[in-house]
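Take a look at the model below. This report walks through some of its strands, then turns to the whole chain.

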Amino acid sequence: MPPVSLPPRPAPLTRAVPEGTRDVLPPEWAWREHLRTRLAGVFAAWGYRGVEVPALEFAAPDHPQSARAFKLIDTGGEVLALRSEFTTAVGRLVRARFPEGPFPLRLQYGGRLWLRTLTSELGRLREFGQVGVELIGVATPQADAELLRLGTRALETVGVRAVMEVGYPGFLDAVLEDAGLDVDARDALHDAIDRKSGADVDLLAAAHGLGAGVTATLHTLTDLYGGPEVLAQAAALARGERARAAVAHLEAVAALCEPGLLFDLGASRRYGYYTGITFRAYAEGLNQPVLGGGRYDLGGLPGAGFAIGLERLTEVTAANLPPEPELVLALDPAGADLARAAGIVAELAWTDDREALLTYCRRRGIRRWARGNTLTEVTA
């Protein structure tokens with residue numbers, strides 16, 4: 001039987017489902033569950049134990065996704081929010097359930113997330129699935145390297161060879177600070193440098209009255225992308241202690257990882273959220289990362305982790321879908337037991353109307369049926 005591909009997604013019916021949501025049909029559902037199970041097995045083999053956090057949370061203005069989360073009023077008047085990302089939720093769980101560790105604490109999770117506003121980064125989805133891990137309580141190069149290796153290995157396990165890009169937003173900010181830029185100027189330049197927009201860098205440099213030397217440094221940061229060799233270029237720009245510490249940390253991480261890492265030292269994505277390295281994995285055929293993560297702070301407790309988007313992973317691995325297992329129609333319970341004992345999927349006939357059963361077999365592609373202790377070809 002030839003491999004089965006995901007069916008084309010039908011054009012949406014008017015108001016069939018809310019914008020940014022979609023139905024999932026059996027072939028895709030089965031493949032996605034297969035991927036989720038395989039990934040969970042890899043995480044478990046590396047010592048990451050599973051946890052589950054509620055889909056409903058107390059709304060908080062300082063939540064990273066507060067402005068984009070779905071909010072609702074509880075019966076007692078409390079403002080709740082649908083879970084919009086996992087790191088904050090797992091951090092709350094750790095502080096409440098594992099205040100004394102033991103650290104390092106390795107946890108894995110999986111489930112659905114919801115966002116009220118659509119984003120191009122998530123492929124215009126407002127409801128989506130993720131699996132991921134958190135390594136909490138340590139902030140060493142070894143811990144960061146472990147997550148990079150685990151992310152690469154997890155993707156390879158499900159047939160994805162991805163390019164891992166590593167950044168360190170704090171390095172960029174430190175270089176800007178060392179160049180004498182105030183907070184407002186640094187905030188304005190973070191986004192332009194992250195987008196690799198030399199034109200915007202020039203406009204902002206002029207607007208803030210920056211000299212030619214500082215502007216040249218900004219352009220160097222914009223182009224600071226490549227293999228481990230760019231760390232030497234970064235070291236030449238690192239004048240202050242904070243910038244030098246960032247480069248030293250990245251050099252230690254690179255030494256612990258397999259070759260192939262790419263470094264984007266102009267990366268500044270979500271700078272306020274991360275306190276150390278950030279990383280993303282890109283797979284061929286997908287212009288958005290299939291994996292993303294980084295280092296953060298849980299109110300004084302260091303943590304780092306990554307998440308894998310299940311919808312993206314399902315899409316990028318669709319060509320690897322295995323053939324659907326054979327399906328037989330059982331004409332009696334004994335036939336169903338016989339087929340299932342042989343590892344064959346069996347549906348039980350719902351009627352004695354032979355013509356109805358034949359029509360159903362033709363439409364479902366069923367070639368055999370089972371009765372008693374025999375399997376026979378479907379014939380008229």
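## A hairpin up close

Arg371 stands opposite Thr374 in strand S16. This is a predicted model. Arg371 has its place in strand S15, which covers residues 368–371. S16 covers residues 374–377. The two strands pair in the antiparallel sense, and four bridges link them.

How many residues lie between the strands of this hairpin? There are two. Gly372 takes a positive phi there, near 60 degrees.

## A parallel partner

S15 also pairs with strand S13, residues 327–330. Here the strands run parallel. Three bridges join them. Look for Leu329: it stands opposite Trp369 in S15.

The pairing with S13 has three bridges, and the pairing with S16 has four. S15 runs parallel to S13 but antiparallel to S16.

## A sheet of three strands

Now move to an earlier part of the numbering. Three strands form an open sheet in the order S2-S4-S3. Their pairing is antiparallel. Which strands lie at the edges? They are S2, residues 56–58, and S3, residues 71–73. Each of these pairs on one side only. From one strand to the next, the twist averages 40 degrees.

Take the pairing of S3 with S4 in detail. S4 covers residues 79–82. Three bridges join S4 to S3, and the two run antiparallel. Lys71 stands opposite Ala81 in S4.

## The whole protein

The protein has twelve helices and 16 strands. The C-alpha trace spans about 85 × 55 × 50 Å along its principal axes. The protein has 380 residues, and 43% of them count as buried.

## Surface and charge

What is the accessible surface of the protein? It comes to about 19300 Å². Carbon and sulfur atoms account for 54% of that area.

The protein has 40 positive and 47 negative charges. The mean positions of these two sets are 4 Å apart.

Notes: Residues numbered from 1 in each chain as written. Predicted model: local features only at pLDDT ≥ 70, side-chain atom pairs only at ≥ 80, totals over all residues. Heavy atoms only, no water. Pairing = 2+ DSSP bridges. Axes fitted to C-alpha atoms, helices over the stretch in contact; angles between N-to-C directions. Buried < 20%, exposed > 50% of the residue type's maximum accessible area, 1.4 Å probe, protein only. Areas by Shrake-Rupley, 256 points an atom, 1.4 Å probe, with all protein chains shown as cover. Lys, Arg positive; Asp, Glu negative; His and termini not counted. Charge placed at Lys NZ, Arg CZ, Asp CG, Glu CD.
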